[in-house]
Amino acid sequence: MRIKILFLLPFLLVLSGCYDYRETDSMAIVSGLHVAKGTEQRYKLTFEIVGTKADDRSMKAQITGMEGDTVAQAIDNATAVSGKKLYFGHAQVLAIDYELAKEGIGDILDYFSRQNDMRLTMNVIISEGMSGEELFKSEEGDIRSFVLADMLKANEERAITPNIELYSFIADSFEQGKDSCLPIVNMEENGNINLSSLAVFKKVQLVGKLNEDDTKYLMLLENIGERGGFILEREGGSPVSFEIRSRKADIKPRLENGKILCDIDLKAQFGVLELTGDDSVIVRHKLEEMENELGKYVRYELGRFVDNLRQTDLLGIERQLIRHNPQLEYFLAESFPKLYEEAEFNISLDLDIIDSGRTLRKLGKS
């Protein structure tokens, strides 16, 4: 028996292949796409297509756009014009226009979730005040979708904006008990791309946005990102810049006597990044003062932040209540918005300044 298998093995190796193999010359590899309202039809899709330069075989990007009454029709129209099938298996970014997102993006998500060759881990962003051509245009000749993907990854590590992938956003959009968000990309006056705020969604409709500061506190409470920066405007002193070294936030909601009570516990360690003015040296009493001021500042900002969130449940308060007591699901489906407006939050902090960069031990202590 073993001899027969060995005899057949060379033929199997020769005849084997991939069932869905395609020649790359017959495909247009899409690195990113932008979906907006069309001028003549419902949607306009702009594609960034990756190819190679004939002279040195380096990567280059081509930008093309096509309209359609559906996403599928726009893609088919682009295929008909180019003569190549669009391949999304390597797509890095799906950008959706801000104004279109305000009308709802359920149809767009439905299309992309159904396609077998669609990359469900591509990053989803909202473009504000930018066309697809402006988003993907690059003066340096780089692949803008790859640049955006790198920026999103770096921003999440620095706790500036979260990196939301397509499958994750779809899951959050259709789950009861938590609103969702997506990073907003826009262009600064100097032409640089900016990613520092968030679009807020209820289900699949954009209903508002968080500014840079509120985005920072959302990521702090959601334990997203490895680091994060804070600037403390000291009382009667000069500003001090801090970086989060470690943190753990716990959000514990409960329903008592028809009212939502929510405990927020935050434990965090900070390092001093920069001292200005007269605070060039930290001694013991100044360290204690600084920790107290930092605690007051973070407590105030967190209180302001959760008060501003009462119209949107980005913290997943309803979802946690349902997980702890599934019998509340149908009750909260109708009553949660009003209960959340009147919810009481108790914020507990344990903050510690542990170093100033290269100083590893606790400052001011032996």
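Buried here means under 20% relative accessible area and exposed over 50%, with partly exposed in between (1.4 Å probe, protein chains only). This is a predicted model, in which local features need pLDDT of at least 70 and side-chain atom pairs count only at pLDDT 80 or more, whereas totals for chains, interfaces and linings use all residues. Residues are numbered from 1 along each chain as its sequence is written, and side-chain values use heavy atoms, with hydrogens and water left out.

**Whole chain**
- The protein chain contains 11 helices and 13 strands, taken as DSSP runs (helices H or I, at least four residues; strands E, at least two) numbered from the N terminus.
- Of its 366 residues, 44% count as buried.

**Helix H2**
- Helix H2 spans residues 71-82, and its 12 residues reach 17 Å from first C-alpha to last, close to the 16 Å expected at 1.5 Å a residue (1.5 Å times one less than the number of residues).
- Val71, Ala74, Ile75 and Ala78 of H2 are buried; seen down the helix axis, the buried residues of H2 fall within an arc of 100°, so they line one face (the arc is that of the directions from the axis to the C-beta atoms).
- Asp76 and Ala80, both exposed, lie on the face of H2 turned away from its buried side.
- After H2 comes Gly83, with a positive phi near 80°.

**Ser127**
- Ser127 belongs to strand S6 (residues 123-127) and is buried, at a relative accessible area of 0%.
- Leaving aside residues up to four places away in sequence, Ser127 touches His34, Ile96, Asp97, Tyr98 and Val185, where contact means heavy atoms within 4.5 Å.
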